[in-house]
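Colleague: I would like to learn how to read a few features of a protein model, one step at a time. Could we begin with the general idea each time and then turn to the case at hand?

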Amino acid sequence: MITPYVGMVFKSDDEAFEYYGNFARKNGFSVRKERSRVSPQLGIYKRDFVCYRSGFAPVKRKPNGEHHRDRKSVRCGCDAKMYLSKEVVDGVSQWFVVQFSNIHNHELLEDDQVRLLPAYRKIHEADQERILLLSKAGFPIHRIVKMLELEKGIQGGQLPFLERDVRNFVQNRKKVVQENEALLSEKRENDISELLEACKAMKEVDGDFVYDFTVDENDKVENVAWSYGDSVNANAMFGDVVYFDTTYRSITYGLLFGVWFGIDSCGRTMFFGSVLLQDETPQSFSWALQTFLRFMNGRCPQTILTDLDPGLKDAIRSEYPGTKHVIPPWNILYKITTWIYCILFEHPGHNPM
């Protein structure tokens, strides 16, 4: 690698910073971006890159005027630097080195030391996924670090990052997840509110339209069900056999989506009603079945077909005691196929026998 020199040309300031960073790593230090200057015509036209030990740490004071706890700073006024200036040549922007100094007032580090400088400590994506997986499994930070060392077959302390980097990464990711969950919860509430507003509007247009919902102790909507006047009339004629399909789930919100279907005398599918459920507990299914029965003016189906779900089975036994419960063969085959797939492909070492 050529030592930077005055007059050296780069296509962009990012390219120049990357080059200077690689040069610094090979020579036992790291660099950071210092000042930049902006003009209306050229935008950013000057960049100052300096040694990581350039300048001095500013004195920090608390709001009451007291000094913060003194923490040792690595800055010692080092004057090593590379300054650049942008020029436009034949309509093409280029960055020229206008000042360069490789004189340091501190000891340069060996390769096994320089890799531990903050600028070079990186947790790669594959390691990030492994760290999050182990963290979710309940591993403490020091155990996660030890596990990564064992998996990579390296000695302790040879990872390209430190234990505190792992701790900071896990804490930051948890914070991001919490923030995302809060945003998702707010969006879910807004979307469900819009759904209820749509139901109210539909009720004004179709007087026979019916809907109902439940709320939790925090007054947040849990379950919503609805049906149309035409669906109620169709059920009165063809509601002896009903298929309650609960195989759909919202990926975004995790809500279970159930639909009641029937078949008319010509073999055409008839829509009877829909429901969004918070979960798959017997209590939620019981509410759905009770609500459907109320929507259909108390007409209970003679036969109901459903998915293979223990919670739904218990709810039907409780709410529709006189109804024959049938689980179609295709649902059973689908479940068995899914189980076999999980055993063979997700847990290849597992013996089901």
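Modeller: Let us start with strands: helices and strands are DSSP runs, a strand having at least two residues, and they are numbered from the N terminus. In this model, which is predicted, Ser101 lies in strand 5, covering residues 92–101.

Colleague: Is Ser101 buried or exposed?

Modeller: A residue is called buried when its relative accessible area is under 20%. Ser101 has a relative accessible area of 13%, and therefore counts as buried.

Colleague: What does Ser101 touch, leaving out residues up to four places away in sequence?

Modeller: With those left out, Ser101 touches Tyr20, Asp79, Ala80 and Lys81.

Colleague: Where is Arg47 found, and with which side chain does the side chain of Arg47 make a polar contact?

Modeller: Arg47 belongs to strand 3, residues 43–51, and its side chain makes a polar contact of 3.0 Å with the side chain of Asp13. Because its relative accessible area is 15%, Arg47 is buried as well. Beyond its neighbours within four places in sequence, Arg47 has contacts that include Lys33, Tyr83 and Trp95.

Note on methods. Residues are numbered from 1 along each chain as its sequence is written. This is a predicted model: local features need pLDDT of at least 70, side-chain atom pairs count only at pLDDT 80 or more; totals for chains, interfaces and linings use all residues. Side-chain values use heavy atoms; hydrogens and water are left out. Helices (H or I, at least four residues) and strands (E, at least two) are DSSP runs, numbered from the N terminus. Buried means under 20% relative accessible area, exposed over 50%, partly exposed in between (1.4 Å probe, protein chains only). Contact means heavy atoms within 4.5 Å. A polar contact is a pair of N or O atoms within 3.5 Å; within protein, one must be able to donate a hydrogen and the other to accept it, and residues adjacent in sequence count only if both atoms are side-chain atoms.
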